[in-house]
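Student: I would like to learn how to read the features of a model residue by residue, with the criteria stated as we go. Could we start once the model is on the screen?

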Amino acid sequence: MPIKVQTDYREYPDVIKLHLIERIRDRRFLPAMAHELADWLATRPSAPDLQESPAGWHIKFPSFTICGEGEFLKTLFTIYAPGNPRKGSIDLTQWLRIGL
């Protein structure tokens with residue numbers, strides 16, 4: 001069942017906040033990337049819940065990839081520190097195209 005991605009950083013558990021802050025620093029998440037992410041979050045995107053996608057979800061932008069689970073963003077990769085989403089993770093772009 002689709003859920004809304006949590007856009008209020010204050011609602012994130014502390015452990016996820018700390019992890020995201022570390023990844024932003026370690027992987028050179030630049031201001032332009034942050035703007036692109038903010039624009040996407042402003043659309044109040046939907047994602048699959050943990051029951052539909054236990055391996056989480058991801059969405060690829062031109063210079064970074066965001067990975068999440070349920071309503072929360074969980075990590076990110078950039079062109080400076082590339083990585084791959086978890087095996088079995090749902091690509092949100094494709095998931096949205098097929099009509100939820």
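Tutor: Let us begin with accessibility, for which buried means under 20% relative accessible area, exposed over 50%, and partly exposed in between, with a 1.4 Å probe and protein chains only. Leu-18, at 53% relative accessibility, counts as exposed, and Leu-18 lies in helix H1 (residues 14–26). Helices (H or I, at least four residues) and strands (E, at least two) are DSSP runs, numbered from the N terminus. This is a predicted model, in which local features need pLDDT of at least 70 and side-chain atom pairs count only at pLDDT 80 or more, while totals for chains, interfaces and linings use all residues. Residues are numbered from 1 along each chain as its sequence is written, and side-chain values use heavy atoms, with hydrogens and water left out.

Student: Which residues make a nonpolar surface patch with Leu-18?

Tutor: Patches are made of residues with over 30% relative accessible area and no salt bridge, like charges being joined within 9 Å and nonpolar side chains (Val, Leu, Ile, Met, Phe, Trp, Tyr) within 5 Å. Accessible areas come from the Shrake-Rupley method with a 1.4 Å probe, and for residues only the protein chains shown count as cover. Here Tyr-9, Leu-18 and Ile-21 make a nonpolar surface patch of about 270 Å².

Student: How many salt bridges does the structure hold, and how should I read them?

Tutor: A salt bridge is a side-chain nitrogen of Lys or Arg within 4 Å of a carboxyl oxygen of Asp or Glu, and the structure holds six of them. In one of these, the side chains of Glu-22 and Arg-23 meet at 3.8 Å, N to O; in another, Asp-26 meets Arg-23 at 3.4 Å. Asp-26 and Arg-23 both lie in helix H1, three residues apart, about one turn of the helix. Salt bridges that share partners join Glu-22, Arg-23 and Asp-26 into one network.

Student: What is the order of the strands in the open sheet?

Tutor: Strands of a sheet pair through backbone hydrogen bonds, either parallel or antiparallel. By the criterion used here, two strands pair if DSSP finds at least two bridges between them. The open sheet has four strands in the order S5-S4-S3-S6, with mixed pairing. S5 and S6 stand at the edges, each with a single partner strand, so one side of each is left without a neighbour in the sheet.

Student: How is S4 joined to S3 and to S5?

Tutor: Strand S3 (residues 57–60) pairs with S4 in the antiparallel sense over four bridges, and a hairpin of three residues joins the two. Within this pairing, Trp-57 has Gly-68 as its bridge partner, and His-58 stands opposite Cys-67. On the S5 side, six bridges join S4 to S5, which run antiparallel, with Ile-66 partnered by Leu-76. The hairpin between S4 and S5 has two residues between the strands, and Gly-70 in the turn has a positive phi of about 55°.

Student: Why is S4 described as largely enclosed?

Tutor: Six of the six residues of S4 (residues 64–69) are buried, so the strand is largely enclosed by the rest of the structure. Both faces are covered, with Phe-64, Ile-66 and Gly-68 buried on one side and Thr-65, Cys-67 and Glu-69 buried on the other.

Student: Where is Ser-89, and what does its side chain reach?

Tutor: Ser-89 lies in the loop between strand S5 (72–78) and strand S6 (90–91), and is buried, with a relative accessible area of 14%. A polar contact is a pair of N or O atoms within 3.5 Å; within protein, one must be able to donate a hydrogen and the other to accept it, and residues adjacent in sequence count only if both atoms are side-chain atoms. The side chain of Ser-89 makes such a contact with the side chain of His-58, at 2.8 Å.
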